[in-house]
Amino acid sequence: MRETDLLVQDVPEAQVPDLEVIDDAAVAMAALSPVRARILAVLSQPGSATTVARRLGESRQKVNYHLGALEEHGLVRLVEERQRRGLTERIMVASASSYVVSAEALGATAADPVHTDRLSTRYLVAVAARLIREVGRLAREADAAGQRLSTLTIETEIRFASPAARASFAEDLADAVGALAARYHAGDAPEGRTHRLVVAAHPIPTDDPTPGEEP
């Protein structure tokens, strides 16, 4: 075992969030660089420029350069500094295990359901983009306040026998959601808080692997 391996193993475990939403264009550009994206993947566990360079087959100088940019944009943070042979070894860790870029990073060109045809498939994409933007911002505010954000996620898979069965399901679902919304909606509740409910369905791609899985 090499000395640098021992160094990283001795670092206290860093708490890394499982996901971070990026809503700043400059941060998104830093994260989308292919080399920097690979560095972030390696730094889901604490490591130094030396250990990252060895894992990626890159020079330490090149990794150090990209680490500086990632640190500047808050995508990696310092865990510990150690002296080795008269040099300071900086142990870094990624700000999250995975990332999602919010449409907010695109500024005025970001997807917005208001400007999208409700009858088009792109409307679903625009709604999903809004969901990421809104929940990402609320999650950051809740984290900063040391509070939990109350959300609801329901996900399942249905194999419809025919387009007619899919249409019948959609009608039944709309009726059920409408009835529940009417039952629980309290528009005049002074202490209430309005929530956004999104129900979506789309075919599952058959030729693309799930992210993180091999084809």
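The model is predicted, so to speak on its own terms: local features need pLDDT of at least 70, side-chain atom pairs count only at pLDDT 80 or more, and totals for chains, interfaces and linings use all residues. Residues are numbered from 1 along each chain as its sequence is written, and side-chain values use heavy atoms, with hydrogens and water left out.

Biologist: What is the average pLDDT of the protein?
Modeller: pLDDT is the predictor's confidence in each residue, from 0 to 100. Here 90% of the residues score at least 70. The protein's average is 89.

Biologist: Where is confidence lowest?
Modeller: Helices (H or I, at least four residues) and strands (E, at least two) are DSSP runs, numbered from the N terminus. The top score goes to helix α7 (residues 163–184), at 97. At the other end, with a mean of 45, sits helix α1 (residues 3–9).

Biologist: How are α3 and α4 oriented to each other?
Modeller: Axes are lines fitted to C-alpha atoms, for helices over the stretch in contact, and angles run from 0 to 180 degrees between N-to-C directions. Helix α3 (residues 34–42) and helix α4 (residues 49–56) pack at about 115 degrees, axes 10 Å apart. Angles under 35 degrees count as roughly parallel, over 145 as roughly antiparallel, 65 to 115 as roughly perpendicular and the rest as oblique. That's why α3 and α4 come out roughly perpendicular.

Biologist: Which residues in α4 meet α3?
Modeller: The α3 side brings R38, I39 and V42. Their partners in α4 are V52, R55 and L56.

Biologist: Is V63 buried or exposed?
Modeller: V63 is found in helix α5 (residues 60–72). Buried means under 20% relative accessible area, exposed over 50%, partly exposed in between (1.4 Å probe, protein chains only). V63 has 2%, so it's buried.

Biologist: Which residues does V63 contact, leaving aside neighbours within four places in sequence?
Modeller: V63 and T51 are twelve residues apart in sequence and 9.8 Å apart in space, C-alpha to C-alpha. V63's contacts are I39, A49, V52, A53 and E58.

Terms used: Contact = heavy atoms within 4.5 Å.
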